[in-house]
Amino acid sequence: MTRIFLGVGALFGGLSVAAGAFASHALREKLSERALDIFETGSRYQIYHSIALLIVALLLSRAETASSPLIAAGIAFIVGIAIFSGSLYALSLSGIKWLGAITPLGGVAFILGWGCLAIAAWNFK
């Protein structure tokens, strides 16, 4: 899981930089200010949680045994990025309003990821 989390974290981190640059350069003239803010929120949360995923991978690499809470945290961060950031990107680009109803599910995944990380920290040796 360490390699998976490292790879996915690095990939999502790079994609968040690309998304931010895309928004800043290619979308600035095409989207409304509100849609651009939504897109940038997706990019910002993606980079935060990509870094969190890299931290999970680092902690897993240092753990004596595989930690279920750390693995759960990593999975939750991946799911959160896909749902939270993905739905915000889709909402801002398409204008389909019901996509905004999906976003909180990604937020819940982020919260679960942070909670699992806290549990893992408590049990870390």
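User: Which residues of helix 4 are buried?
Analyst: The model is predicted, local features need pLDDT of at least 70, side-chain atom pairs count only at pLDDT 80 or more, and totals for chains, interfaces and linings use all residues. Residues are numbered from 1 along each chain as its sequence is written, and side-chain values use heavy atoms, without hydrogens and water. Helices are DSSP runs (H or I, at least four residues), numbered from the N terminus, and buried means under 20% relative accessible area (1.4 Å probe, protein chains only). The buried residues of helix 4 are T103, G106, G107, A109, F110, G113, C116, L117 and A120.

User: Which helices are included in what covers these buried residues?
Analyst: Helix 4 comprises residues 103-123. The cover over its buried residues includes helix 2 (33-62) and helix 3 (68-94).

User: Is S87 buried or exposed, and what does S87 touch?
Analyst: S87 lies in helix 3. Its relative accessible area is 6%, so S87 counts as buried. Contact means heavy atoms within 4.5 Å. Setting aside residues up to four places away in sequence, S87 touches A82, L99, I102 and T103.

User: What separation do the C-alpha atoms of A23 and S43 have?
Analyst: A23 belongs to helix 1 (residues 2-27) and is buried, at a relative accessible area of 0%. Beyond neighbours within four places in sequence, A23 contacts R28, L36, F39 and E40. A23 and S43 are 20 residues apart along the chain, and their C-alpha atoms are separated by 9.1 Å.

Notes:
Helices (H or I, at least four residues) and strands (E, at least two) are DSSP runs, numbered from the N terminus. The expected span of a helix is 1.5 Å times one less than its number of residues. Buried means under 20% relative accessible area, exposed over 50%, partly exposed in between (1.4 Å probe, protein chains only).
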